[in-house]
Amino acid sequence: TPYTEIATVEQFQAKEEASQKALDRIAADLARVAPDIVIIVGDDHGELFSPNNMPAVAIFHGDELLTKQWDVTPKTPDYRLTVIKGYAMDAVHRYPGAPDFAADLIARLMARNFDVGSVKLVENSPQYGLGHAYGFVINRVFGGRAIPVVPILLNTYFPPNVPTAARCYDMGVAIREAIEESKSDARVAIVASGGLSHFVVDEELDARVISAMCTGDADSLRSLPAGALNSGSSEILNWILVAGAIVGLTNRWMEYQPIYRTPAGTGIGVGFGVWE
């Protein structure tokens with residue numbers, strides 16, 4: 001089994017290097033297509049919402065995105081500080097939103113019978129803010145460009161109102177329709193943020209998701225059981241929503257790395273791909 005083949009430090013570093021090259025490739029593709037707006041589909045980890053207020057799905061339609069600032073202490077290890085900075089959570093970072101486009105998207109989804117929560121303002125910053133599902137993408141693949149962002153926040157982690165795979169896919173289709181019907185002539189990119197399987201790697205599940213996305217197998221994606229999407233693997237719902245939005249587009253390239261960290265099989269399945 002893969003669990004008996006846990007990577008040496010050198011093998012782990014090689015997979016990390018391959019992942020960084022894939023991110024560089026995504027950044028280059030994004031620069032080439034030069035979108036006017038980027039929709040980022042991610043999940044909130046308690047950075048903006050809490051159990052007291054946890055919408056199944058919400059769309060941010062404010063003028064400006066603010067990231068949450070993570071607390072650090074003198075005992076915070078250096079590697080953790082590096083991670084926090086990469087997530088754009090080392091300070092309150094401010095990024096432009098696309099309020100008119102986002103508000104129109106919400107209205108069009110409501111007209112299609114999708115009940116969408118709306119967020120216009122981040123209050124109590126730096127205690128609350130957008131999390132690493134958004135900050136990492138902006139920080140890592142935007143290349144320093146100030147591209148307006150529309151964050152879509154899925155509740156993938158926290159029962160009892162986690163949307164099903166079918167609901168996420170259908171919402172993606174509706175988002176595609178809403179964008180096409182919009183009066184805006186903006187060039188729009190949509191990004192699925194988050195890992196595939198984790199915190200235990202499930203290569204079979206990851207292969208099923210990737211294959212279905214590349215072949216346009218909606219039934220396979222819509223039928224993924226909730227029991228397969230536990231813990232971090234729930235972020236696959238972000239991918240499924242985007243899969244619904246990219247129907248008809250062509251997969252240009254796809255890469256996958258199963259990164260194991262311990263003999264128990266813990267780690268993360270990371271995937272990278274572009275559709276145009």
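At what angle do the axes of helix α1 and helix α4 cross, and within what distance do they come? In this predicted model, the two axes cross at roughly 75° and come within 9 Å. Helix α1 covers residues 9-33, and helix α4 covers residues 132-141. Angles of 65 to 115 degrees count as roughly perpendicular, so α1 and α4 are roughly perpendicular to each other.

Which residues make this contact? On the α1 side they are Gln20, Leu23, Asp24, Ile26, Ala27 and Leu30. On the α4 side they are Phe136, Arg140 and Val141. By class, the contact of α1 with α4 divides into 6 nonpolar, 1 polar and 2 charged residues.

Now follow the chain out of α1. Alanine 34 sits in the loop between α1 and β1, the strand at 37-43. The phi of alanine 34 is near 50°, a positive value in a residue other than glycine. Most residues other than glycine have a negative phi.

Next comes the pair α3 and α5. Helix α3 spans residues 99-111, and helix α5 spans residues 165-181. Their axes lie 9 Å apart, at an angle of about 120°. The crossing of α3 and α5 is right-handed. From α3, the contact takes in Phe101, Leu105, Arg108 and Leu109. From α5, it takes in Met171, Ala174, Ile175, Ala178, Ile179 and Glu181. The contact of α3 with α5 holds 8 nonpolar and 2 charged residues, with no polar ones.

A cis peptide bond joins proline 159 and proline 160, with omega at about 15°. Phenylalanine 199 belongs to the loop between β7 (188-192) and α6. Most peptide bonds are trans.

Leu205, Asp206, Val209 and Met213 of α6 meet Ile236, Trp239 and Ala243 of α8. The contact of α6 with α8 has 6 nonpolar residues, 1 charged residue and no polar ones.

Last, a pocket. The second largest pocket has a volume of about 180 Å³. How many residues line the second largest pocket? There are 13, and Val162, Pro163, Ala226, Leu229 and Leu237 lie nearest its centre. What is the make-up of this lining by class? The lining of the second largest pocket has 10 nonpolar and 3 polar residues, and no charged ones.

Technical notes
Residues are numbered from 1 along each chain as its sequence is written. This is a predicted model: local features need pLDDT of at least 70, side-chain atom pairs count only at pLDDT 80 or more; totals for chains, interfaces and linings use all residues. Side-chain values use heavy atoms; hydrogens and water are left out. On a 1 Å grid over the protein atoms alone, a cavity is a set of points where a 1.4 Å probe fits but cannot get out, and a pocket is an open set with protein on both sides within 12 Å along at least five of seven lines; lining residues have an atom within 4 Å of a point. Grid points are joined across faces, edges and corners, and a volume is the space filled by probe spheres set on the points. Ala, Val, Leu, Ile, Met, Phe, Trp, Tyr, Cys and Pro count as nonpolar, Asp, Glu, Lys and Arg as charged, and the others, Gly among them, as polar. Axes are lines fitted to C-alpha atoms, for helices over the stretch in contact, and angles run from 0 to 180 degrees between N-to-C directions. Helices (H or I, at least four residues) and strands (E, at least two) are DSSP runs, numbered from the N terminus. A crossing is left-handed if the near helix is turned anticlockwise from the far one by less than a right angle, and right-handed if clockwise. Contact means heavy atoms within 4.5 Å. Angles under 35 degrees count as roughly parallel, over 145 as roughly antiparallel, 65 to 115 as roughly perpendicular and the rest as oblique.
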